[in-house]
Amino acid sequence: MKYLIPLLLPLLLVSCTKTEEKKYISENYQDWEVLNWVEMDYPIPGHANHYRISYINKKGLELEILTIEGEERCLYPDGTVIVKEVFSTLDKPRAGEKPDALTAMVKEEGEWVWIVKSLPEGKEQIMEAAFCQTCHEGANEPHPYGEKNPDSIFRDYVFFHKTPQ
Amino acid sequence: MAERKSRIVPIAVKINLIIVFSLLAGLGGLTYYLTQSLINSIDTDSRESMIQQAEILHTSIENFMMPGEAPLAVNFFKDLRSQQDNFHIALFRSDGHPAFSDKSTLMKVNETLGVNRFNADDGRMNSASKMPLDDVMGKIGSPPVPMFAAEQVEDRFFYQVYRPLLNLPKCTRCHGSDHTIRGVIDIRKDISLTRQKQIRVLWQSSLFFVSLLLILALILSRSIHRMIVLPVSLIGDVCREVTHGNFSNHVDLNRRDEIGELGDTVNSMVNGLHERYELSKYVSGSTLQSLKGSQKGEDINLTLFFSDIRGFTSYTETHKPEQVISVLNNVLQIQSEIIAKYEGDIDKFVGDEVMAVFSGHDSADRAVEASSSIVRYINSNSEMFDGLKVGIGINTGKVIMGKIGSDDRADFTVIGDHVNTAARLCSAAKKNQVILSDSSKRALVRNTAIKGPYSLRVKGKKEPLRVYLSLAGRK
């Protein structure tokens, strides 16, 4: 018995400890910089007919623009979080209107993690990277959004940058 | 209730069962694992190959469509579809209609571009029927990703890959940005032939396994039969013979293993048993009995028998040793046989003297009857004993029976005054005389011809003994 308690105690502690689900999207993301300098009130594949507002955290503003073998490449640091509010229609949301859902790109260990948070449930879901990434690959080549990336610069899968504008 | 005899399960059957089960579990598991691995490997290769083909097609479509070369894509699909019978490729729009089957896409593109850039060319493609809209979306899931499916239609098997064709940003210029999925690439491969090959491989593996199992089981069972079952049977036969008193058989295995050692041990045991059996002829029954039970001394009521050859000392002086031994053995042999016949027990031979004991309620009767029989036989076969005669003394009484001697050499015998008295009566008996003590006469339970009493003075006794002579030997 005297050996049993020390053996069982750690198991008991472990079983009583709830593992917190990792939260990628901060509650106060709206305090971050708004990313879209073009109003996103037009439909796009993937987000369809929904008005969108994007925010980027402070870490994401440390975007590096590197020149590798003569080519310019943008690189977001690990810890970057870009949150996109997705509203119910293409109409500009009224003051205080809550979005239907949030989508987010989070840079971890050099890779983007794609997340969808449905509201008001608030549950975050990591998306199959292939689907999100396939569309966002378009950001690295000329595309029809914003400044259109005419020089085909590697934009690190992000269509709208805070800089350059 | 009669005891139910348990049925013997032959060791060969048990060993064969163990072998078959072991082989089934071992080889069966291995064969199953290898076959499954092979089939899984083929399946995985086929699946990966088809997904790769879908990716190649996707890239091809992208490359055809970006410069607006839809006719090239149509011809490309046509070519692919005509090349292989078991390979079906189709491209569906997101509304379920086969791509290029009507003008709607071209019209939409012209509308999006705001110019009449593309002219509809009727009949470009294709004979594929419309896929229900729910099917298109259902196949690729949400979010849309390449999906693999294995389907069976009647007796044919298909692998199918649905690769979503997304409305990428670069596509939106022509196709608009109000939808996410442009369509689905549908690749279907008839793998019935491959499946048949797999089933054939399964059957071949099974057949090979069963054949291997039978061959190995046969080889192993024969080997084990030869190595274990036969020697054990042989050892059993030898032991069975020993129980019937035959010590002549031996285990001849000529083996240098545990079974060989067992055979040697059994041979040693048989030799030992044989020696003990032979020895039992020279050891009194009471001694043998004592070895089975307690060897402590105990008082017991017995009739004691002593016989002695009259004039034997002078006989030995005048005859050759071999003749002396031969005649002596004849006398002792016949006495032994007759004493045994009357359930007496030879206690010892001392020179020409025989000491025997009779136990039981009629011990005195049997001792007198044995004595009379001995006297009669020796008289009737005088030449066999070279004219020698015996004198016999019989006494009945309580004696001490026990192991007497050292740890290394001992007799299980009787001692006491009654023993001495019997010996004295024997010494006093003349040729062919059987002298009974008074206690023996009183112990007789049957009518026995005796005469007396006589008064006999013997050495060691102050008072003369009351004795009788048996008349039975004179008949």
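Author: Helices (H or I, at least four residues) and strands (E, at least two) are DSSP runs, numbered from the N terminus. This is a predicted model, in which local features need pLDDT of at least 70, side-chain atom pairs count only at pLDDT 80 or more, and totals for chains, interfaces and linings use all residues. Residues are numbered from 1 along each chain as its sequence is written, chains are lettered from A and ligands numbered from 1 in the order in which they are written, and side-chain values use heavy atoms, with hydrogens and water left out.

Reader: What joins β8(B) to β9(B)?

Author: A hairpin of four residues links β8(B) to β9(B).

Reader: Why are β8 (residues 389-405) and β9 (residues 410-415) of chain B called paired?

Author: Two strands pair if DSSP finds at least two bridges between them. Six bridges join these antiparallel strands, so they count as paired. In one bridge, B:Met401 has B:Val414 as its partner.

Reader: What makes β1 (87-93) of chain B an edge strand?

Author: The open, antiparallel sheet has the order β1-β4-β3-β2 in chain B. Its edge strands, β1 and β2 (147-153), each pair on one side only. Seven bridges join β1(B) to β4 (residues 181-190) of chain B.

Reader: How do you know which residues of α10(B) and α11(B) meet?

Author: Contact means heavy atoms within 4.5 Å. Among the residues that meet are B:Val331 and B:Ile334 in α10(B), and B:Ala370 and B:Tyr377 in α11(B).
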